[in-house]
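Here's a quick briefing to read with the model open beside you. Grab your viewer and follow along, topic by topic.

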Amino acid sequence: MYTDIAITTALTIQQVFHLALRQTEGFLNCLFKRMAVNLTSPDYSTLSIRATTLQVKIRVRQHWSEPLHIVVDSTGAKVYGEGEWKVRQHGWSKHRRWTKLHLGVDEKTGDILIGAVTGNNIVDSEVLRFLLDQIPGSINQVSTDGAYDRRKCYQALRDKGVKHVAIPPQHNARIWQHGNSKQERLVRDENLRRIRAVGRKRWQEESDYHRRSLAENTMFRLKTIFGDRVSARNLAGQRTQLLLRCKALNQMTMLGRPDSYLVA
C-alpha cells in the first residue's frame with residue numbers, strides 16, 4: 001500500500017517529464033536502482049486508480065496574514081485521445097471535448113492559490129463561489145473579466161467579505177439598483193457609474209484591473225511547461241493532473257525566486 005505522498009510524487013514526476021504511466025513506473029524503478037535503495041515503484045494500474053481519488057493541495061507557501069488581491073481566470077485543456085479514431089475515419093468535428101481549469105492567482109507573489117477543474121459545459125461564473133471558499137483568510141480585492149459580471153458572483157464576493165471588486169460590466173450594462181434606494185449600494189453599480197464618469201480605461205487604472213493579466217501569464221506558463229493536453233480518460237483523473245501541474249509550477253516559482261530581506 002502506497003501513501004498519498006508517494007502517489008503524488010510519482011504523478012508529479014509524470015507531469016513534469018511528460019511521461020506515460022508505464023514510463024513513470026520504469027523511470028522510478030530505474031531511479032531507485034541507481035540510488036541503491038530497496039524500493040519499488042507503484043505500477044501503472046495503481047497510479048491510474050489512485051489518481052482519481054487523490055486530494056491535491058496546490059499551495060506551497062505558507063498563508064499570509066495580510067489581505068489578498070486575487071486575479072481569477074480560466075483556460076481549456078484538450079482531452080488527449082478523445083475522438084482520435086473518429087477523426088482518422090471521418091475527419092475533424094466541430095464538437096471537440098475540453099476540460100476547463102479555473103484558477104485564482106495571488107497578485108503579489110504570482111502563486112496559484114486556488115483551482116478547480118470542470119467540464120466545458122460549466123460557465124466560469126458558476127465556479128467563483130467554490131474558488132473563494134478555498135481561501136481561509138480575508139480577501140481585499142478580486143479582479144477578473146466580464147464573464148463574472150453576474151449577480152451570483154457579486155453575492156459570493158459579498159458573502160466572502162471582499163472589499164474591492166474589479167469586474168468590468170458589459171458594454172451594454174445597466175444599473176441594477178436605483179441610486180435613491182435605501183439599500184446598500186451595489187459594488188457593480190458603483191463601478192458602472194465610475195466608468196460612465198471617467199471612461200473604462202481610467203477606471204481600469206484606478207481599480208488595478210490591469211493586474212488581471214497575471215492570471216493570463218500564469219496560464220501561458222502552465223501550457224508552455226506542461227502542454228495543453230491531459231491524458232486521463234475521466235474528469236477525476238484530469239483534475240488530478242491539472243492541479244498537480246499547478247502545484248509543480250508553484251514549487252518552481254518558489255525555488256526560482258530569491259529571498260528578499262529588508263536592509264536598514
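Glu 206 is partly exposed, at a relative accessible area of 37%. Its salt-bridge partner is Arg 202, with N and O 3.2 Å apart, and Arg 202 is partly exposed too, at 44%. Keep in mind that this is a predicted model.

**The pair in helix H8**

- Both Glu 206 and Arg 202 sit in helix H8, four residues apart, which is about one turn of the helix.
- Side chains of opposite charge can pair when their charged atoms come close.

**Other salt bridges**

- How many salt bridges are there by the rule used here? The count comes to twelve.
- Arg 212 and Asp 145 form one of them, with their side chains meeting at 3.9 Å, N to O.
- That pair ties together distant parts of the chain, with the two residues 67 positions apart. Arg 212 is in the loop between helix H8 (200-206) and helix H9 (213-226), while Asp 145 is in the loop between strand E4 (139-143) and helix H6 (151-160).
- Are these two buried or exposed? Arg 212 counts as buried because its relative accessible area is 11%, under the 20% cut-off. Asp 145 is buried as well, at 17%.
- Arg 212 and Asp 145 also belong to a network of salt bridges that links them with Asp 73 and Glu 216.
- Arg 188 has a salt bridge with Asp 189, and their closest N and O atoms are 3.6 Å apart. Arg 188 and Asp 189 are both buried.

- His 102 belongs to strand E2, which covers residues 98-106.
- With a relative accessible area of 0%, His 102 is buried.
- Which side chain makes a polar contact with that of His 102? It's Thr 118, at a distance of 2.9 Å.
- Setting aside neighbours within four places in sequence, His 102 is in contact with Asp 73, Ser 74, Ile 114, Gly 115, Ala 116, Thr 118, Asp 124, Val 127 and Leu 131.

**Helix H2, face by face**

- Helix H2 (residues 21-35) has 15 residues and reaches 21 Å from its first C-alpha to its last, close to the 21 Å expected at 1.5 Å a residue.
- Thr 24, Leu 28 and Phe 32 are buried in H2. Looking down the axis of H2, you'd find its buried residues within an arc of 70°, so they line one face of the helix.
- What do the buried residues of H2 pack against? They pack against helix H1 (4-16) and helix H3 (44-51).
- On the face turned away from the buried side, H2 carries the exposed residues Arg 22, Lys 33 and Arg 34.
- Just after H2 comes Ala 36, which has a positive phi of about 60°.

**Ile 139**

- Ile 139 is in strand E4 and is buried, at 2% relative accessible area.
- Leaving out residues up to four places away in sequence, Ile 139 touches Leu 68, Ile 70, Leu 132, Lys 160, Gly 161, Val 162 and Lys 163.
- From Ile 139 to Leu 28 you go 111 residues along the chain, and their C-alpha atoms are separated by 41 Å.

**Asp 228**

- You'll find Asp 228 in the loop between H9 and strand E6 (229-230).
- At 37% relative accessibility, Asp 228 is partly exposed.
- Not counting residues up to four places away in sequence, Asp 228 touches Ala 77, Lys 78 and Lys 223.
- Asp 228 and Asp 111 are 117 residues apart along the chain, with 20 Å between their C-alpha atoms.

Technical notes. Residues numbered from 1 in each chain as written. Predicted model: local features only at pLDDT ≥ 70, side-chain atom pairs only at ≥ 80, totals over all residues. Heavy atoms only, no water. Salt bridge = Lys/Arg side-chain N within 4 Å of Asp/Glu carboxyl O. Buried < 20%, exposed > 50% of the residue type's maximum accessible area, 1.4 Å probe, protein only. Polar contact = N/O pair within 3.5 Å; in protein donor to acceptor, adjacent residues only side chain to side chain. Contact = heavy atoms within 4.5 Å. Expected span 1.5 Å × (residues − 1). Arc of directions from axis to C-beta.
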